[in-house]
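Morning, everyone. I have one structure to show today.

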Amino acid sequence: MLPYLSYTLFFAAAYLLAGNTNLGSGSSFSLLYGGRLMTGVYNAYWFVPVLFLSLCGLAWFSSSERLSSRMAWIMLGCYAAAHAVSMAATARDVEFALPLNIDVCLLAMPYIWMGSLLFRMKDNLRGIHLVLAVIALVMLVAADQAGMESFRLDMKPGLYTFFIYDMAVPLLGMAILYKASLWLTRFAPLSAVLSYIGRSSFTIMFIHFAVLIVCKTYIPVLNDTWKIVAAIVLGVAIPVAANFVIMRIKPARMLFAGTK
């Protein structure tokens, strides 16, 4: 949570120095309330408190022998409750905006738990599982594109109304990414580059929206396609460079990376 606070204050101070009194997110209240109200450069910041609170919740469930033995049922209950809240809001065309998006923790905890189960099963994953996962995912995407289904999973605004798809798509995606990552490790130079980018992912998450906003504002000479390409490249390259500097300065490392 320390990097979350540090980056929030850093960009808020930058906006104030630039004469922008709404701090780039509507108001100071939006920054304090967090969650869905955070926009602009803070657009992805909702994820950090949700991750922190979800890990705390999972740690609490695991600390009790009675509860840990029923973890599968507890996670299924959280998953069902999350969908019930989202479906109720969608049906009434209203949007819950709870502080720090704490309602999203109901869905985040089952996802983290399923990810840990997949990791434990990693040695049993074979090439055939990857092929089947790709086929299943392609079929789901094709059904969505053909209009047979209209699938959308968006955790920030709390939109998750497909009970089966919302479990199947992330699981299939995780299996594919895991096997693809193992395959990429065979190529040493590429693996080293991707590994460093992966270790910079926290910094990328905090900075990339600021880079996107700058690209959109100050690169008018590029057409839309090249502007997107430039935003993607710079949105990774600049945060990776910033992370390189941050990790070599102890106070910055503590404030913006949360490590000693």
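**Fold and aromatic pairs**

This is a predicted model. The protein chain has 12 helices and two strands. In sequence order, the pattern runs α-α-α-α-α-α-α-β-β-α-α-α-α-α.

Now the overall dimensions. The C-alpha trace spans about 50 × 45 × 45 Å along its principal axes. A compact globule of 260 residues would have a radius of gyration near 18 Å; this chain has 20 Å, which agrees. Of the 260 residues, 34% are buried. Take contacts between residues at least 6 apart in sequence: 70% of them join residues at least 24 apart.

Next, the surface and the charges. The chain exposes about 15400 Å², with carbon and sulfur atoms supplying 73% of that. There are 18 positive and 10 negative side chains. The centres of those two sets lie 15 Å apart.

On to the rings. The structure holds 12 aromatic pairs. Take Tyr 4 and Tyr 45. Their ring centres are 6.3 Å apart and their planes sit at 55°, so this pair is tilted. Tyr 4 is in helix α1, and Tyr 45 is in the loop between α2 and α3, so the pair ties together parts 41 residues apart in sequence. Tyr 4 is buried, at 5% relative accessible area. Tyr 45 is buried too, at 0%.

What geometry does Tyr 45 have with Phe 206? Edge-to-face: 5.0 Å centre to centre, 90° between the planes. Phe 206 lies in helix α10, so this pair links parts 161 residues apart in sequence. Both residues, Tyr 45 and Phe 206, are buried.

Finally, the wider group. Tyr 4, Tyr 45 and Phe 206 belong to one aromatic cluster, whose members also include Tyr 7, Phe 10 and Phe 256.

Key: Residues numbered from 1 in each chain as written. Predicted model: local features only at pLDDT ≥ 70, side-chain atom pairs only at ≥ 80, totals over all residues. Heavy atoms only, no water. Helix = DSSP H or I, 4+ residues; strand = E, 2+ residues; numbered from the N terminus. Rg over C-alpha atoms; globule rule 2.2 N^0.38 Å. Buried < 20%, exposed > 50% of the residue type's maximum accessible area, 1.4 Å probe, protein only. Contact = heavy atoms within 4.5 Å. Areas by Shrake-Rupley, 256 points an atom, 1.4 Å probe, with all protein chains shown as cover. Lys, Arg positive; Asp, Glu negative; His and termini not counted. Charge placed at Lys NZ, Arg CZ, Asp CG, Glu CD. Phe/Tyr/Trp six-rings, centres within 6.5 Å; stacked < 30°, edge-to-face > 60°.
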